[in-house]
Every structure is written in C-alpha cells, then in structure tokens.
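I opened a new page for this protein.

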Amino acid sequence: MTPPPKKQDAVLDAEAREKIHLDILKRTGAYHANDHILLPSGHHTSEFIEKTLVITEPSFTEGLGAVIAKHFAQWPIDIVLSTGPGALILSHCVARAHPSRPLLLYASKGIAAGKRKVTLPAEFNRLIRQGTKILLVEDLVSTGTTLKLLIDLVERHGGQVVGIGALWRRTKKAEVNGKPVFSLVSRDFPTYPPEACPLCKKGMPLNEEFVRRREGHKPPSTKEKGEK
Ligand SMILES: [Zn+2]
C-alpha cells in the first residue's frame with residue numbers, strides 16, 4: 001500500500017503545476033516577467049499579464065480548460081457561466097471537458113451611471129432556475145467585482161454558484177463572496193509608486209510599451225462602407 005501523500009508533497013505538486021501553467025502563458029506571449037513595466041495606473045511592476053493574449057493558442061486554452069474541469073469534476077454542474085470574450089472561450093473549453101456536460105452561458109458587461117453591470121441575454125433567463133448548479137469561469141481575478149456581479153445575477157434567479165474557475169488569481173483570498181476560487185496560477189505581482197520602485201533604484205530601463213499601446217494608438221478598426 002502506498003502511504004497518503006505528505007502535505008509538503010502536495011505543496012510541491014501545486015508549485016510544480018503552477019510553474020507549468022506559467023510557462024504555457026509565457027508561450028502565448030501573455031505573461032511578462034523580469035521586466036520593469038509602467039502600468040496604466042502610473043505604478044511600476046516587474047511582472048504583467050496581457051489577458052487578451054491568453055486564449056490565442058486554442059490547444060493551450062483547451063488544455064488549461066481541462067485542468068479546471070478536472071478540478072470541478074466531482075461536483076455536478078448544470079451551467080458554466082462567464083462574461084468577456086477571453087473568459088467565454090476558456091469557459092467553452094471547461095464546459096466541453098466537464099463530465100456533467102453543462103450548458104454554456106455568458107453575460108455581457110456594461111456600465112450604467114458610472115457603475116459596472118452584467119446582463120444576461122433574455123434568451124438565457126429561463127435556463128437559470130431554482131437550484132441550478134453553476135460554475136463561474138473567469139480569466140483574470142483581480143478585485144473580484146465582475147464575479148460578485150455574476151454571483152448576484154445567479155442568486156437572483158435562484159441558482160447556486162458551485163465554484164469559480166480561473167486562469168489567474170491576483171487576490172490573496174481564494175474565495176469571492178464565500179465561493180471557492182480554483183486558479184491555475186495564484187500570484188499577485190507587487191506594484192510600486194515610481195518614487196519607491198526598487199527597479200528604478202537599480203537603474204533598470206522602464207518599459208512603457210503597454211501604456212503606449214493603450215494611449216498612443218487607436219486600436220485598428222474597419223468600418224462598413226456606404227451611406228448612413
Ligand atoms: Zn520603477
């Protein structure tokens with residue numbers, strides 16, 4: 001008989017898995033480390049995740065989605081719910097790999113009177129009923145605001161949030177509104193005001209690429225031709 005794994009082994013195992021997931025995100029070009037990066041807030045950091053790039057490699061997204069599905073495989077799930085294009089693609093992969101064969105729904109994000117909101121398309125309303133078991137999927141969990149809105153939306157319909165699966169959790173606590181968060185990577189990268197930045201003190205050149213990309217250039221778009 002093999003002895004049960006020691007707690008230390010479990011921690012090592014989690015660390016090894018996290019390293020693999022970080023390497024995958026690095027290969028998509030989404031994860032930057034060992035740099036000196038200017039953030040839109042004006043703070044500096046050594047690490048950064050560009051979440052738009054996370055889902056650009058379908059085979060990676062499928063692999064990562066399957067890991068989240070496996071974690072939640074022991075619980076029956078009726079619906080996987082997400083919001084935002086990146087999270088929706090990931091949640092498709094989670095739903096596809098979960099043994100309960102859950103449905104896939106999404107809410108759309110918006111802003112009303114300066115406050116963030118999530119809205120369920122009318123066609124989906126009847127699908128969330130009393131006791132419907134729901135897994136929320138998110139790409140990046142920072143403040144958890146979007147997840148709190150999704151939890152609210154589900155509970156208003158009488159549904160039950162079983163858990164939250166995410167690619168990356170920046171929050172210290174592995175829960176949002178009492179719902180457990182399972183994430184492939186759990187890391188918060190410290191950010192510094194310029195005057196207290198250890199990287200500035202070392203004289204490392206500042207990488208302003210991410211801020212320039214946001215502010216300097218309008219995103220390319222193509223418009224329909226013709227009268228209107
Ligand atoms: Zn700095």
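I began with a definition: two strands pair if DSSP finds at least two bridges between them. Helices (H or I, at least four residues) and strands (E, at least two) are DSSP runs, numbered from the N terminus.

I noted the source next. This is a predicted model, in which local features need pLDDT of at least 70, side-chain atom pairs count only at pLDDT 80 or more, and totals for chains, interfaces and linings use all residues. Residues are numbered from 1 along each chain as its sequence is written.

**Overview.** I found 6 helices and 12 strands in the protein. The C-alpha trace spans about 75 × 55 × 30 Å along its principal axes. I looked up burial: a residue is buried if 20 or more other C-beta atoms lie within 10 Å of its own, exposed if 12 or fewer, and partly exposed in between, with C-beta atoms placed from the backbone. By that rule, 30% of the 228 residues count as buried.

**The sheet of 7 strands.** I read its order as S7-S6-S5-S8-S9-S11-S10; the sheet is open and the pairing is mixed.

Strand S8 (residues 133–141) and strand S9 (residues 160–169) run parallel, joined by 8 bridges. Val137 stands opposite Gly165 in S9.

Helix H2 (residues 58–71) packs on this sheet and touches S8, S9 and strand S11 (179–186). Its direction makes about 145° with that of S11. Axes here are lines fitted to C-alpha atoms, for helices over the stretch in contact, and angles run from 0 to 180 degrees between N-to-C directions. Contact means that the C-beta atoms of two residues, placed from the backbone, lie within 7 Å.

**The sheet of 3 strands.** I read the order S2-S3-S12, open, with antiparallel pairing. Strand S2 (37–38) and strand S12 (191–192) are its edge strands, each pairing on one side only. S2 is joined to strand S3 (residues 44–45) by 2 bridges. Ile37 has Thr45 in S3 as its bridge partner.

**One residue.** I picked Val162, which lies in strand S9. Is Val162 buried or partly exposed? Val162 is partly exposed, because 18 other C-beta atoms lie within 10 Å. Leaving aside neighbours within four places in sequence, its contacts are Trp75, Ile77, Lys133, Ile134 and Leu135.
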